[in-house]
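My notes follow the order in which I looked things up.

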Amino acid sequence: MPAHSHSLFVYDSSRLPEVMFFLDREGGNLITADSLQNWTQPDEFFTEMAVDWMAQSGFFKPANIGPEWRRFCQPDAQDFVMVAELEFQHLLPSHGTPLLYTAKQSLMTGFAELLGR
């Protein structure tokens, strides 16, 4: 890692490699690819067909575990237990908008559903 305040989190159980960066600054930041998303609504770059499919597939949901990533990669729930142990406040997802100050609390709802808690 380029600095001591950076680390890499690896979803060990994912069928395809998936990682996220953790930056231990300003309350903790997760920078994610497909695993954790924050798409609340489509934007002007989506086609009507894409909007329909993505809405039906569960993409437009705040603080969401990526539905297609989860379906295809089938990560084990234990990976999310380990994510929940990280200290962070912010989510900078590659899919959706940044979720500032409340990311961990918001993601815990989706994790609870996944973990049956």
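Housekeeping next. I am working with a predicted model, where local features need pLDDT of at least 70 and side-chain atom pairs count only at pLDDT 80 or more, while totals for chains, interfaces and linings use all residues. Residues are numbered from 1 along each chain as its sequence is written, and side-chain values use heavy atoms, with hydrogens and water left out.

**Overall layout.** I took helices (H or I, at least four residues) and strands (E, at least two) as DSSP runs, numbered from the N terminus. That gave me 4 helices and 6 strands, in the sequence order β-β-β-β-α-β-α-α-β-α. The chain has a radius of gyration of 14 Å, close to the 13 Å from the globule rule for 117 residues, so it is as compact as a globular protein of that length. For the record, that radius is taken over C-alpha atoms, and the rule is 2.2 Å times the number of residues to the power 0.38. The C-alpha trace spans about 45 × 30 × 25 Å along its principal axes.

**Leu30 and its strands.** I then went to Leu30, which sits in strand β3 (residues 29-32). Leu30 is buried, at a relative accessible area of 0%. Which residues does Leu30 contact, leaving aside neighbours within four places in sequence? Taking contact as heavy atoms within 4.5 Å, I noted Met20, Phe21, Phe22, Leu36, Val83, Leu86, Phe88, His90, Leu91 and Leu92. Leu92 is 62 residues from Leu30 in sequence, yet their C-alphas are 6.0 Å apart.

I checked the strand pairing too, where two strands pair if DSSP finds at least two bridges between them. Strand β2 (residues 19-23) runs antiparallel to β3, with 3 bridges, and Phe21 has Ile31 as its bridge partner in β3. The hairpin of β2 and β3 has 5 residues between the strands, and Glu26 there takes a positive phi near 50°. Strand β6 (residues 90-93) pairs with β3 in the parallel sense over 4 bridges; Asn29 has His90 as its partner in β6.

**Aromatics.** I counted rings of Phe, Tyr and Trp (its six-membered ring) as paired if their centres lie within 6.5 Å, with planes under 30 degrees apart stacked, over 60 edge-to-face and the rest tilted. The structure holds 10 aromatic pairs. In one of them, the centres of Phe46 and Phe60 are 5.7 Å apart and the planes are at 80°, so the pair is edge-to-face. Phe46 is in the loop between β4 (36-39) and α1 (48-56), and Phe60 is in the loop between α1 and β5 (61-65), 14 residues apart. Both are buried. I also found one aromatic cluster formed by Phe9, Tyr11, Trp69, Phe80 and Phe111.

**Two loop residues.** Last, I looked up Gln74, in the loop between α2 (67-73) and α3 (77-84). Gln74 has a positive phi near 50° without being glycine, and counts as exposed at 52% relative accessibility. Tyr101, in the loop between β6 and α4 (103-115), has a positive phi near 70° and is exposed at 58%.

Conventions. Buried means under 20% relative accessible area, exposed over 50%, partly exposed in between (1.4 Å probe, protein chains only).
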